[in-house]
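Subject: Two-chain model, handover and notes

Hello,

Here is the structure I promised to pass on. Please open it alongside this message.

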Amino acid sequence: MRPVSYSRATDVATAIGAVSADPQSAFLAGGTTQVDLLRIYVEQPRRLVDINDLPLNRIEELPGGGLRLGGLARMSDVAEEPELVRRYPMVAEALLLGASPQLRNMATIAGNLMQRVRCSYFRDVAAGCNKRAPGTGCSALDGINRGHAVLGTSDCCIATHPSDLGVALVALDAVVQTESPAGQRSIPIDDFFLLPGQTPEREHPLTHGELVTGIDLPPTPVAATSRYIKIRDRESYEFALASVAVAMSVADGRITEIRLALGGVATKPWRARQAERLLDGAPATTESFTRAAEAELAPAVPHGMNAFKIELARRTMVRALESMAQREGTT
Amino acid sequence: MSTAIGASLNRVDGRFKVRGESRYSAEVPVPNLTHAVVVNAKIASGRIVAIDTSEAERADGVLAVLTHRDLGRVATVPKLLPSLAGLAASGQTFFPMQDETIHYAGQPVAIVVADTIERADHAGTLIRFEYATTPATTLLDQARDQAYVPERIFGGLLPGHASRGDVAKALADADVCVDATYRFAPNHHNPIEPSASTAVWEDVDRLTVYDSTQGPNSVQFTLAELLGLSPISIRVVSHAVGGSFGSKAMVWHHPALAALAARHVGRPVRLVLTREQMFTSCGHREEQEQQITLAARSDGRITALRHHKLSLTSPFDDWAEPSLQSPSVAYTSPNYEGIYHLVRGNTITPTFTRAPGEATGMFALECAMDELAERIGIDPLELRLRNYSATDPESGKPWSSSGLTECYQRAAELFGWHDRPPPRSRREGQWLIGTGMASALYPVTQPVNPQRARARLYNDGTAVVEAGVSEFGTGVFTAMTQVAADGLGIPVERVRFVGGSSDLPNVTAAVGSAGTSAVGSAVHLATTQLRDELIRRAVADDHSPLRGADPAAVQVRDGKMVLRDRPDVGETYADLMHRTFAPDVEVLGTWNPPPQDAGYGVHTFGAQMAEVAVDADLGVVRVRRMVGVFAPGRVLNRKTAHSQLMGGMLWGLGQALLEATRMDPRLGRWANASLGDYLVPVNADAPDVVVDTIEVHDEVVNPLGMKGVGEIGVVGVAAAIANAVYDATGRRQYELPITLEKLL
Ligand SMILES: Cc1cc2nc3c(=O)[nH]c(=O)nc-3n(C[C@H](O)[C@H](O)[C@H](O)COP(=O)(O)OP(=O)(O)OC[C@H]3O[C@@H](n4cnc5c(N)ncnc54)[C@H](O)[C@@H]3O)c2cc1C
Ligand code: SF4
């Protein structure tokens, strides 16, 4: 491991100041991404600023009925928060279907949004990778890319965004709260994740040293009937091959409100806007669901081994929508 | 009389393991220790044209940077020879860092020694290599046209081709033929403990290596050849080993590299492979393809089996895991042809991987059998019964013991096989339910050389029993405690079994599911001979109540020698020894294994059944339950044996559904060399598993009648699962693992 210096900040200003001042520094939260990448020389900070003592791990009510999740709240704590489970079940499900209990106990939710891609070439410093080393090419385009994205890709990068939590959050129009020496700002979640385009190394609009202090979940009554479905090779402890976050309400057989997002198949947590448009007001039938899923996946681009994901994502969407419709029908 | 053998004794080392007190090879405290890290070639084929080590040498804490220029030459490169032979057991006929040629990605090209492992690792990244690359072959598809049939495989132990009868004629005359090709992804072992060696030179010709290995003696002999030393100069110690599955069955480069580095820096060196290095440093199950042709009469009787295998081997060795052996004797088939085809590629020599050969070969055969049953229109179990062979079809000799039909029967009862609904008739919501079965066969391989154990009884009635076997999670120390207790006629609490060192009596590496039977036979002989020696002394001693008795009329119970028909007459070992001023009595037991061909076919048999659920839309396969019934001869410890068998079955589940190492042929490197990307089953994947054993008595194989439980559990599982997937979906599976895209 590269030599690295370590300090522990106890207030937000110090943490931000320390990282902003040194381009070769980084925040250390749970360390479940950061330390792994440090050990394989993918991340090469000279200095780590431990932010675990910052008072940012609370879950609070927002005026108007939303919730604010502290950026340093642990995945496991958030998943068990009763108000979250009641109002936003898909967020809790997305968290619980991610990683393992041990990891969830360490990992923070800000770190979860900031985690790096699982593309094996990104993690292999001897391989070409535009995200890790801009201009060195994308080894995944013609490589081992079974896990890679079919939506939101570019000829520069096709890495899947790995976060499950992010998928539920984009469906909810969550807002990321940040703080930097320039002040505080609120970033709508959909703008928080960037498409790779020609600059896959840029994943977030954050400036160096900008700290994610919290995530706001707006009041969203429909989210009380929501779920997160995750499809993967093994039953647990694996990233998604395809996942769906869905919140839906149905009245008189018609969809009155719909929020839909995809994971495991796109370069960012993917709000399925095209499908939402088609579903809004449509009959809650398999035909509608299929049509909407097909429309959403129409722009999907396969790359060799991952071609199956288009069909898998389509069927997973239909499955998720049908299960919501059934649930809605019976309640 | 046996009371300890067969009981479910808890592991004697369990307490130390759960408390974290077991000392693994990378944990043995050694004063003045330094740390070595191996740097691996990133290219798969070519030459090193320049190396710049200057920056690495200047890095903090670095003691030495060694490349092929300064490592020194090894005395001899031992030839690959399976460790079962009991000699030097190099994993491949090649030793790295002797010149600038690169044969495979991951080949060691430098070693850095530093005061901490982190500093050594970092300095390793500062070495600059310049390579001249040449095209590499790392996939079968790149070089099919260059396949050849080797004269012998498996370190020369097995023929490259075999046949009996007239296959062509049988095929022409057959009522039904099944012809299918099966493809297998490469697999890696992934024991939880990465291989580690700690090398300590006490003098120029006195080396101790703490090494994680299945055979301390194999390491000793291999190091002796490599370093040009006598075995008396080398001691190899393996206190605890955290799993192996074949990755530590042969001797790879790291112990010798650690020893060479330690000699160079003049201090003890610890070398621990990283998880990633475990994918390129100790072999793997090779990428392979198998073609099966089954010919049968309309009543299902098999008339011919043709079984060809094509696989990738290294530039150095004709290695193929022996996939054809067990299938060749599974059923009566008068006509047979088995041929290995090899393609040379840029890879380390592949190696033993749990159920090496049987796991893949029986998959192919048992899937083809399922197809045959369907074609003929009979139950798959009935097809197997119709083709059951009461003799070894290869030699015509009787089985030393079988139990196969009883295994089928018991498995069918436990599983409810005969009540299963017709194919593709069960659906539960989104899930299509199906069932499948397969036979399991695993050869009984005899060690070539005598197996030894020492038993020493102290005058307080306790005994220490020693042999050089290592404990890598199989439960062998526990089982040996039981064998020794029964041999001596004392309770298990009074026995201490000591193993894990080349200084102890020599036993062959614990491989081929034969470890426990090899050392067990030696322990049995040592302890029963020791018992007999004490009885002999007692009946010859004027002061003994047993004076003048016929030794054959004496038995030992709870440490007391008594007349069989007058248990009130006798004395304890301790009484006799105190009276005769004997502090201890010691015997070296030697078991001379019978030759492999002792007039019998020797195999272990079993039956596997599985029920799967396949998501009708999403292709996800989940195994709901498995039943495995095996006839492994004498079971020494019910609990550890069942754990071994169950673990094997879960391995089979991994082979069926998850395990695959993916090669990127452009880079010539594995693309998923981590436990995050190489998927093995987790607890959530483990279904309801029922394990049972059928008692078979075997007087041929060894004195205890054991046939081994280490690997048979794996065999047939993948086929049972694939057959169940077919039963559920109507889709045959010809490629492992069965990932969901194959069922979309
Ligand atoms: C084996 C494994 C399996 C996993 N499986 C899943 C899964 O199935 N689904 C899933 O969603 N995730 C999964 N994860 C990812 C895991 O959820 C993330 O690693 C974790 O959430 C990161 O949080 P952390 O607190 O440990 O972040 P760290 O590792 O400490 O930091 C990660 C990155 O975020 C930056 N950072 C951290 N906190 C902040 C902040 N407050 N503001 C700005 N930047 C910050 C750090 O500088 C660093 O660059 C898995 C991880 C592993 C190792
Ligand atoms: S997909 Fe993205 S992360 Fe992976 S190699 Fe290509 S550029 Fe790098």
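Below are my notes, beginning with the interface and then going through each chain.

This is a predicted model, in which local features need pLDDT of at least 70, side-chain atom pairs count only at pLDDT 80 or more, and totals for chains, interfaces and linings use all residues. Residues are numbered from 1 along each chain as its sequence is written, chains are lettered from A and ligands numbered from 1 in the order in which they are written, and side-chain values use heavy atoms, with hydrogens and water left out.

**Interface**

In chain A, 32 residues are in contact with 31 residues of chain B. Contact means heavy atoms within 4.5 Å. The area buried between chain A and chain B is about 2700 Å². Carbon and sulfur atoms give 58% of it. Buried area here is the accessible area (1.4 Å probe) that two parts lose on being put together, summed over both. On the chain A side, A:Arg234, A:Arg315 and A:Arg319 lose the most area to chain B. Together they make up 25% of what that side buries.

There are 5 salt bridges between chain A and chain B. The term means a side-chain nitrogen of Lys or Arg within 4 Å of a carboxyl oxygen of Asp or Glu. B:Arg669 forms a salt bridge with A:Asp124, with the closest N and O atoms 2.6 Å apart. Polar contacts link 17 residue pairs between chain A and chain B, both residues at pLDDT 80 or more. A polar contact is a pair of N or O atoms within 3.5 Å; within protein, one must be able to donate a hydrogen and the other to accept it, and residues adjacent in sequence count only if both atoms are side-chain atoms. Helix H12 of chain A (residues 308–330) gives the largest share of the side of chain A that touches chain B, 6 residues.

**Chain A**

Helices (H or I, at least four residues) and strands (E, at least two) are DSSP runs, numbered from the N terminus. Strands S6 (residues 175–180) and S7 (residues 183–188) of chain A run antiparallel and are joined by 6 bridges. Two strands pair if DSSP finds at least two bridges between them. S6(A) and S7(A) form a hairpin with 2 residues between them. A:Val176 stands opposite A:Ile187 in S7(A).

**Chain B**

An open sheet of 3 strands has the order S23-S24-S25 in chain B, with antiparallel pairing. Its edge strands are S23 (554–557) and S25 (566–572) of chain B. S23(B) is joined to S24(B) (residues 560–563) by 4 bridges. B:Gln555 stands opposite B:Val562 in S24(B).

Which helix does B:Glu366 lie in? B:Glu366 is in helix H8 (residues 358–376) of chain B. Its relative accessible area is 0%, so B:Glu366 is buried. Buried means under 20% relative accessible area, exposed over 50%, partly exposed in between (1.4 Å probe, protein chains only). A polar atom of the B:Glu366 side chain lies 2.7 Å from the backbone nitrogen of B:Ser439. Leaving aside neighbours within four places in sequence, B:Glu366 is in contact with residues including B:Tyr331, B:Arg384 and B:Asn723.

B:Pro327 sits in helix H7 (residues 325–330) of chain B. B:Pro327 is also buried, at 1% relative accessibility. The C-alpha atoms of B:Pro327 and B:Glu358 are separated by 7.7 Å, though the two are 31 residues apart along the chain.

Best wishes
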